[in-house]
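Please look through the structure below with its sequence at hand. The paragraphs after it go from the whole chain to single residues.

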Amino acid sequence: MKNAMLAGLFALTMAAPAMANDTSAVLEAGGLVYTRQDQVDMLSEDLFISQEEIRVDYVFKNQSDTDLETLVAFPMPEIGGYMDFNAALDDFEHDNFMGFTVSQDGRKIEPQLQQRATVNGIDMTEEIVGRGISLLPLSEATRAGIARLPDDVRKDWETRGLIVDTSYDPGVPGKPVEPEYEVLWKLETVYWWRTTFPAGREVKVHHSYRPSVGGTVAMTFIQDGKPTPQLDDYRERYCIDDAFLKTALKLEKQQNYDAGVYYFEKWMSYILTTGANWGGSIGKFKLTVDKGDEKNFVSFCGSNVRKVGPTRFEMTATDFYPEKDLHILLVVPSR
C-alpha cells in the first residue's frame, strides 16, 4: 500500500466549451508528491471535495526499523500569461493563490516556496526578479512594476516575449497612446518541505486548499433537446449515464432565459495519477463529494458510490490502486 497521490477514478477537468468568452477552465491540482519510499505504506486516504475546499487526510506507516527522511512537494497549477490564460482563479495577487495549508501529526508545517517563470521553455526568473518585478503574471502589482521599468528594458522584454503592448492607437493626431503591457510568461509554483517517517510508527498528514471551479454559461453536452458531439467525451470524463442525460434533457426544456431560468455547468479537478511514487495500493480509500446545494446535479466516475446526505456522495474501497484522475461535473440552476 504505497501510493501517495491516489490516482483514482475521478477528476474535474474542463471540456471544450462552445463559447470561450463565457467559459472558465479548471486549474488542476492534486495531493502531495513524495520522493519514493518503498518501506512506507499508505494505510488510508480520506479525500473531501467541494466547491469551497479540497482537503485530504493521509495515514502512513514506516514498516522498516530505521527512520526515513523524504522530500514532500505540492505542485500548484501553472498560471499562464495574458494571451492563453482563461481559468477560474479567485486570487491573482498572492503566491499562495489557492490557500494551501499542510500539517503533520497536528503540527503545522511552513513549506518552502519555489517559483519559476518561463517563456517558450526558457527560464526568465532571474531576469524578472532582478528588476524587482513580482513573478505573478496576472497581478496588479506586476503590471504596475512593469509600467515603471525604463523604456529600453520594456522594449527588450517585448523582444524576448516577456510582455506585450495591448494598447490601441486610434490614430488621432496630437494624442499619443500610453502603452498597456500584459505579461506573457508562465509561472510554475511548488511548495516543498522535508519530513521524517519514524520507524514502525503511523504518521498523519493533512492538507487543504481552495479548488479552482471552472464552468460555462450553459449545458454544452446537450442543445435543443439533443445530445451534442461533446457528450461522448463527457461520458468518458464524468461517467454521465442515461439517467443523468435524461434529467439534463428535462432541465433544458424548463429553461427560460428571458425569465432568468437556466442551467449551466461547473467543473472541478483533482490530479490523482502522480501517486506512483508509492508503488502500490491504498489500504483504505474514502472519497466524499459535496455538490453544494440540493438543487445541483453531479456526475463523476467511481465504484459503489452512495448518497450519504442531502448533498454528499461517498465512495470507499480497500487496497485501492488509482489509475485515472478525478473529474466532477455539476449542473447548476441559475439563482
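**From the sheets to single residues**

The chain holds five helices and 22 strands; helices (H or I, at least four residues) and strands (E, at least two) are DSSP runs, numbered from the N terminus. The model is predicted, so local features need pLDDT of at least 70 and side-chain atom pairs count only at pLDDT 80 or more, while totals for chains, interfaces and linings use all residues. Residues are numbered from 1 along each chain as its sequence is written, and side-chain values use heavy atoms, with hydrogens and water left out.

Of the 335 residues in the chain, 48% are buried, where buried means under 20% relative accessible area, exposed over 50%, and partly exposed in between (1.4 Å probe, protein chains only). Among contacts between residues at least 6 apart in sequence, 79% join residues at least 24 apart; a contact means heavy atoms within 4.5 Å.

Next come the sheets. Strands of a sheet pair through backbone hydrogen bonds, either parallel or antiparallel. Here two strands are taken to pair if DSSP finds at least two bridges between them. Ala73 has Trp192 of β12 as its bridge partner.

Another open sheet has eight strands, ordered β7-β6-β13-β4-β3-β18-β21-β20, with mixed pairing. At its edges stand β7 (107–108) and β20 (306–307), each with a single partner strand, so one side of each lacks a neighbour in the sheet. Four bridges link β6 (residues 101–104) to β13 (residues 202–209), and these two strands run antiparallel. Thr101 stands opposite Ser208 in β13.

Val203 also belongs to strand β13. Its relative accessibility is 0%, so Val203 counts as buried. Val203 and Gln104 are 99 residues apart in sequence, yet their C-alpha atoms are 7.2 Å apart in space. Not counting residues up to four places away in sequence, Val203 touches Tyr58, Val59, Phe60, Gln104, Asp105, Phe197 and Pro198.

The aromatic rings give another view. Rings of Phe, Tyr and Trp (its six-membered ring) pair if their centres lie within 6.5 Å; planes under 30 degrees apart count as stacked, over 60 as edge-to-face and the rest as tilted. The whole structure has 13 aromatic pairs. In one of them, Phe221 and Tyr234 have ring centres 5.3 Å apart and planes at 35 degrees, so the pair is tilted. Phe221 lies in the loop between β14 (214–216) and β15 (222–223) and Tyr234 in helix α4 (residues 231–238), so the pair ties together parts that are 13 residues apart in sequence. Both Phe221 and Tyr234 are buried. The pair of Tyr257 and Tyr262 is stacked, at 5.3 Å centre to centre and 10 degrees between the planes.

Tyr234 leads on to Glu265, as a polar contact of 2.5 Å joins their side chains; a polar contact is a pair of N or O atoms within 3.5 Å, and within protein one must be able to donate a hydrogen and the other to accept it, with residues adjacent in sequence counting only if both atoms are side-chain atoms. Glu265 is found in strand β17 (residues 263–270).
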